[in-house]
Amino acid sequence: MDLRGKVALVTGGSSGIGSSICLRLGELGASVMVGYRTRGEPAGEVANRIVTEHGVEAEPCELDVRDYEQVTRIVNGIIKARGRIDILVNNAGVGVEGAVTPARPVEEWVDVIHTNLIGSFFCIKAVSLHMLLARKGSIVNVSSVAGMVGIPGLSSYSASKAGLIGLTKSLSKEFAPYKVRVNAVAPGYTSETGMVERIGEEDICSIRERIPLRRLARRDEIAETVAYLSSDSTSYVTGQTLVVDGGLTA
Ligand SMILES: NC(=O)c1ccc[n+]([C@@H]2O[C@H](COP(=O)([O-])OP(=O)(O)OC[C@H]3O[C@@H](n4cnc5c(N)ncnc54)[C@H](OP(=O)(O)O)[C@@H]3O)[C@@H](O)[C@H]2O)c1
């Protein structure tokens, strides 16, 4: 795979899967804009690593995907400075665990949808104008196995990730005449990430037993799949969700 000369924007690049995606895209030669919401310092470290280890351009950019005004400002700034965005990876995501009970505030549920689904839509909307005019581009949405099967206590997260798969399918057809591809990756449980670190060791053991490959994913395995879908290696693939879950949902 070769991403030399491409400009990529990755949301939520300050940690977990997002930081691995940034590093892999940089390794393949892309200039990488490392989006972050609160953790500017680690995002800066990811960008520095890309510059020093791979000799391509990279910079952190503050980008709360829930804020459409900020999203358009940042996207337009990148276009102005670099001329284009070839790759958008909607990786930023949050998950809130808890059953739907009268005591739980609705805002909590809504914020998950706002970040994971509406935030991804905001980024696509801001970037798509430029991609459609350029008649090229690749958008990869980071969904989840939770978007394919129900998980009790994760209804907002599941709904947001299932929504991302629907958004991917619909926009792939809308953008296909302009040669802009839209795909999704649905990771299973992935080690060394914020989301999995919040799960207790006992639960991780029982999850591992249910995974046919008997282990969690590594972050680089998810990053590799995102890079694959971003690249011209998949030039005839659009509207698809590639599941990377060790066989969990097979
Ligand atoms: N980990 C897993 O096992 C797993 C499995 C399936 C799918 N996924 C998906 O993979 C993606 C990354 O997960 P992860 O576990 O690596 O997450 P993580 O380590 O918890 O990191 C989440 C990232 O999202 C960013 N973020 C959160 N809210 C944001 C907002 N409003 N605007 C912009 N950025 C925001 C955070 O930025 P700051 O820290 O800078 O605030 C952080 O960089 C998520 O979409 C998640 O749903 C993860």
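1. Basis. The model is predicted, so local features need pLDDT of at least 70 and side-chain atom pairs count only at pLDDT 80 or more, while totals for chains, interfaces and linings use all residues. Residues are numbered from 1 along each chain as its sequence is written, and side-chain values use heavy atoms, with hydrogens and water left out.

2. Packing of H1 and H8. Helices here are DSSP runs of H or I with at least four residues, and strands are runs of E with at least two, numbered from the N terminus. Helix H1 (residues 16-27) packs against helix H8 (residues 219-230) at an angle of about 50°, the axes being 8 Å apart. H1 is therefore oblique to H8; angles under 35 degrees count as roughly parallel, over 145 as roughly antiparallel, 65 to 115 as roughly perpendicular and the rest as oblique. Axes are lines fitted to C-alpha atoms, for helices over the stretch in contact, and angles run from 0 to 180 degrees between N-to-C directions.

3. The H1-H8 contact. Contact means heavy atoms within 4.5 Å. On the H1 side the residues include Ile17, Ile21 and Leu25, and on the H8 side Ile222, Ala223 and Val226 are among them. By class, this contact of H1 with H8 has seven nonpolar, four polar and four charged residues.

4. Nonpolar cores. A nonpolar core is a set of buried Ala, Val, Leu, Ile, Met, Phe, Trp, Tyr and Cys residues joined through side-chain atoms within 4.5 Å. The largest has 31 residues, and Ile21, Leu25, Val32, Val34, Ile50 and Val89 have the most contacts inside it. At least two residues of this core come from each of several elements, including H1, strand S2 (31-36), helix H2 (40-54) and H8. Another core, of 28 residues, lies apart from it and includes Ile74, Val75, Phe122 and Val182.

5. Ser31. This residue belongs to strand S2. Ser31 is buried, with a relative accessible area of 15%; buried means under 20% relative accessible area, exposed over 50% and partly exposed in between (1.4 Å probe, protein chains only). Not counting residues up to four places away in sequence, Ser31 touches Lys6, Val7, Ala8 and Glu57.

6. Val71. Helix H3 (residues 68-82) contains Val71, which counts as buried at 0% relative accessibility. Leaving aside neighbours within four places in sequence, Val71 is in contact with Leu63, Asp64, Val65, Phe122, Cys123 and Ala126.

Technical notes
Ala, Val, Leu, Ile, Met, Phe, Trp, Tyr, Cys and Pro count as nonpolar, Asp, Glu, Lys and Arg as charged, and the others, Gly among them, as polar.
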